[in-house]
Amino acid sequence: MDAADVDDRLLPAAELRGLAVGYGERLVIDGLDLTVARGEMVVLLGPSGSSKTTILAAVAGFVPVRGGEIRIAGRTVATPSRHDPPERRDVAVVFQGAALWPHLSAADTVAYPIRRRGTGPRDADREARRILGRLGIEDLAGRRPAELSGGEQQRVGLGRALARGAALHLLDEPTAHLDGPLRDRLLDEIAATRRESGAAGLYATHDTGEALAIADRVALVRAGRIVQAGSPTEVYEAPIDTWAARLTGPASEIEAVLVGFGSGSAGFGGELAELDVGGVRIRSRIDGAALGPGPARLLIRPDWAALGGSLPGRVGAVRFRGSHTDVDLDTPAGAVTIRRPGPPSVGVGDTPGWSLARGRILPT
Amino acid sequence: MAASGRLGRMADLRLRPLAAVLLVVLIGIPIARLLGVALGDGPTVVAATLTDSRVAGAIGNSLWTAALVALLATSGGTALALATERAGLPGTAWIRAGILLPLLCPPFVTAFGWTRAYGPRGLTDQALGIELPGLYGPLGIVLVLAVAAAPLAWLIVAGALASRLEPDLERAARAAGAGPGTTLRTVTLPLLRPAILSALVVTFVFAVNAFGVPAILGTPAGFATITTRMYQDLARSADPAAFVEAGILAATLVALALLVVGPADAWLTGRAAARTAETAGGRGARVPGGGRGARGSRARSIAAAGIGLGFVLLTLLPLCAVLLTALTRAVGLAPVPGNWTLANFGEALDARFGDALATSLLLAAAAATIVLPLGALLAVLAGRSRTRGGNVLRTAATLGFALPGSALAVAVLLAYGGWLRDTLAIILVAYLAKFWALGQRQVAGSLERLPADALRAARASGAGGWTAVRTIGAPLLRPSLLAGWIVVFLFALHELTMSSLLYGPRSATLSVVVLNAQQLGDPTVSAALAVLLVGLIAVIALPLAFMARART
């Protein structure tokens, strides 16, 4: 289109620039920038009400934009003065509640987008059954939504999105209505089919584990803004603030005083530092925005600390989770949660002491 | 319905016989008497009556006009539902109000309004020298009935769009590559099919049952329908043959209603059961995606303007015509301020209004007050749908609502006319038979609003059965039950068909008085009476509007 001399396949799957979206008088998104590269899976991670679904709706073409621009595969599809309807955008959508049509069988549902491309009914049906086969549900081809379980419904919905053959898949909490193992299986299915098709994905969820597991890049969404974006490891290990830390996993915060830095390198973004934690001097690997001596708030992931050590602490709660155990310690510097493999080795009221392998200084 | 489970168990034991007896008295005996009279003289009399060219003509007229009305009203109501629930037109709230407004106006008042707006010496005749050809006759009947029935179709289809058809289903079609037209054809309309079918059934029964409109627009043109023919038969009720003919016509109406409602109801009930697995979703959410640019918004403005123009021509102008007629000194004078007077109102109030008003209010209040407990009885019994008896009772009550009013009135007259002829009581009996199912629907509707575990939570907190109902159930249900009471009250106030067949010298209702004044060729006074009737209805309906707003 407007970039005819550039190879379309090199352009990002989606570019959102200065996006503004509103309902009524109120803007719920104002000035949002986001790029999804070809074949990349970007997860929008945010609590409910953070407008991540609205971002997807704007990209899909379900709501108009008030400001900025949306490009899909290099083609401008939305500006305040332009609104391409969803059928003319190169997108496929997987809906939260599957949104299967009650009057169509699974095969007809998956054949629907193929038929809209002008393919004849017979060829479309063959193609639809092939897709259902790839998802391992060809035996459900004749069933209507009322005869399908939640997991099966969402799989048919995934098949419908695949059948669209779009450059960009929009997935709005597709596992929200599923539980446990079903959820993991669908996630694997989504990852696998997306790899095969080479499509990019924009995936909204409030589930941290899901986001970290499926994303190439995670964007933390708060009140219609992207607060931080990075690889799953980055957002987990280096959250930019308390809110981001708590969104991306279990997190404890304690008060400490940074005394000075030792010599030698300390791996990922961190340095070996000397700390005063509740009056006890320790050495530990520290990174963070403001690396200067003085009081600091320290983020500790449960796997960054261990039971046993020179720091004092008293067990406040023990939660056995099967493969591991979470232990809450009350310490003079604040509450700390420590995760250790296996069954509980301490009880409430014990004073096992603890040690800190690494930490991250949060901005105050 | 979980909430009514406990009530249902008590009701099963003590109340089911009561419900059965009431149904037999209000519906069973009258219908049996009707069939007895209609068929009592043997099949040859029935055959001879039905093949009489005037009777057969009236039946034919009723059928084809009602079929046309059903088609027009349902397609119009469906289009309006798509416009209000999906198109995101500017001023949608106003459009909704405009669609509902005709419901407040009894259809015979609308018909009268059309004669004053588009008939000879009407508004357009006086202002522009044009009148609507064929207003008196089938064309006018079909038009006015379609305008009156379209809001009913809109309510059904818009309700389905808002509650049953999750907007994501249409979004999914758009995201799968379907344009707006294809989405409408392949997803929206197929999923609306049950709603559209029930709209067709409801508007057809409404039109077959209609009496006031054909009486005003058909009778002067010599165009008879089943209901107007029955009215004339009963006016000559001294003639036994005419009475039998009325009975046969009433039985024909019953058969027609059963033929149309029965299969459709069975099919729809089956569908409803199959649909329980489906999810209901976002209410009234608009499905955007249609060109939102300048072009799209202009198209929306044009559509909204078109709906507005239709409202003005089809609803507002006839109502204004009635008001102007009521204010003008004599028919034929231009309705300009110089010719205005309040004398018509004085005459209307003076003459018949007071007694009729008292009669109407008393009847409507009595009907609403009795029908609601009756409806609760059935709602609670039928709520336990596993008991077959509950379903039978509910079906029987629905039958009363589906039965054309004129047939029901003749049936009640036959059954109880000996003791109650010309009394308020006989009209009340007919109202109760007719509106029982309406009450059941209102109560069942409010029970559905009761959170499923609300009563269980009360019981689990130590409240006894009645205490739970009194402390938790009643406060939660009160607003919707009050709304239900007002709805029944308004239906009764509207009622013309049964009242016009059953009233006596001292039991004429307001509607009857308005119709009689109109038929006596007294347009100015009947216009004044009509204005008072519609005003009364509007005042009573006002709280409903507030309640509806508070609920959304």
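This is a predicted model: local features need pLDDT of at least 70, side-chain atom pairs count only at pLDDT 80 or more; totals for chains, interfaces and linings use all residues.
Guide: Residues are numbered from 1 along each chain as its sequence is written, and chains are lettered from A and ligands numbered from 1 in the order in which they are written.

Visitor: What makes α8(B) a helix, and how far does it reach?

Guide: Helices here are DSSP runs of H or I with at least four residues, and strands are runs of E with at least two, numbered from the N terminus. α8(B) covers residues 138-163, which is 26 residues. The expected span is 1.5 Å times one less than the number of residues.

Visitor: Why call α8(B) mostly covered?

Guide: A residue is buried if 20 or more other C-beta atoms, placed from the backbone, lie within 10 Å of its own; with 12 or fewer it is exposed, and in between partly exposed. In α8(B), 19 of the 26 residues are buried.

Visitor: And what makes B:A474 exposed or buried?

Guide: B:A474 has 11 C-beta neighbours inside 10 Å, so it counts as exposed. You'll find it in helix α20 (residues 465-494) of chain B. From B:T115 it is 359 residues away in sequence and 47 Å away in space, C-alpha to C-alpha.

Visitor: What makes a set of residues a nonpolar core?

Guide: The members are buried Ala, Val, Leu, Ile, Met, Phe, Trp, Tyr and Cys residues joined through C-beta atoms within 7 Å. The largest one has 275 residues, and A:L168 and B:A250 touch the most other members. α8(B) gives the most to this core, with 17 residues.

Visitor: Which residues is B:A250 in contact with, leaving aside neighbours within four places in sequence?

Guide: Contact means C-beta atoms, placed from the backbone, within 7 Å. For B:A250, the partners are B:L34, B:A38, B:M230, B:S406, B:A407, B:V410 and B:A411.

Visitor: Over in chain A, how do you know whether α4(A) has the span it should?

Guide: α4(A) runs over residues 150-163, and its 14 residues should span 20 Å at 1.5 Å a residue; the end C-alpha atoms are 20 Å apart, so the two agree.

Visitor: Why is α4(A) described as largely enclosed?

Guide: Because 12 of its 14 residues are buried. Among them are A:Q153, A:R155 and A:R160. Their cover includes β7 (91-94), α2 (106-116), α3 (121-134), β8 (168-172) and α5 (180-197) of chain A. After the helix comes A:G165, with a positive phi near 60°.

Visitor: What makes β17 and β19 of chain A edge strands?

Guide: Two strands pair if DSSP finds at least two bridges between them. The open sheet runs β17-β18-β19, with antiparallel pairing. β17 (314-320) and β19 (334-341) each have a single partner strand, so one side of each has no neighbour in the sheet. Neighbouring strands are turned by 20° against each other on average, direction ignored.

Visitor: How many bridges link β18(A) and β19(A)?

Guide: 8, in the antiparallel sense, which clears the two-bridge cut-off. β18(A) takes in residues 324-331, and a hairpin through 2 residues joins it to β19(A). A:D326 stands opposite A:R339 of β19(A).

Visitor: How many helices and strands does chain B have?

Guide: 23 helices and 0 strands. Chain A has 8 helices and 21 strands. Buried residues make up 50% of the 552 in chain B, and 45% of the 364 in chain A.

Notes: Two residues are in contact if their C-beta atoms, placed from the backbone, lie within 7 Å. Axes are lines fitted to C-alpha atoms, for helices over the stretch in contact, and angles run from 0 to 180 degrees between N-to-C directions.
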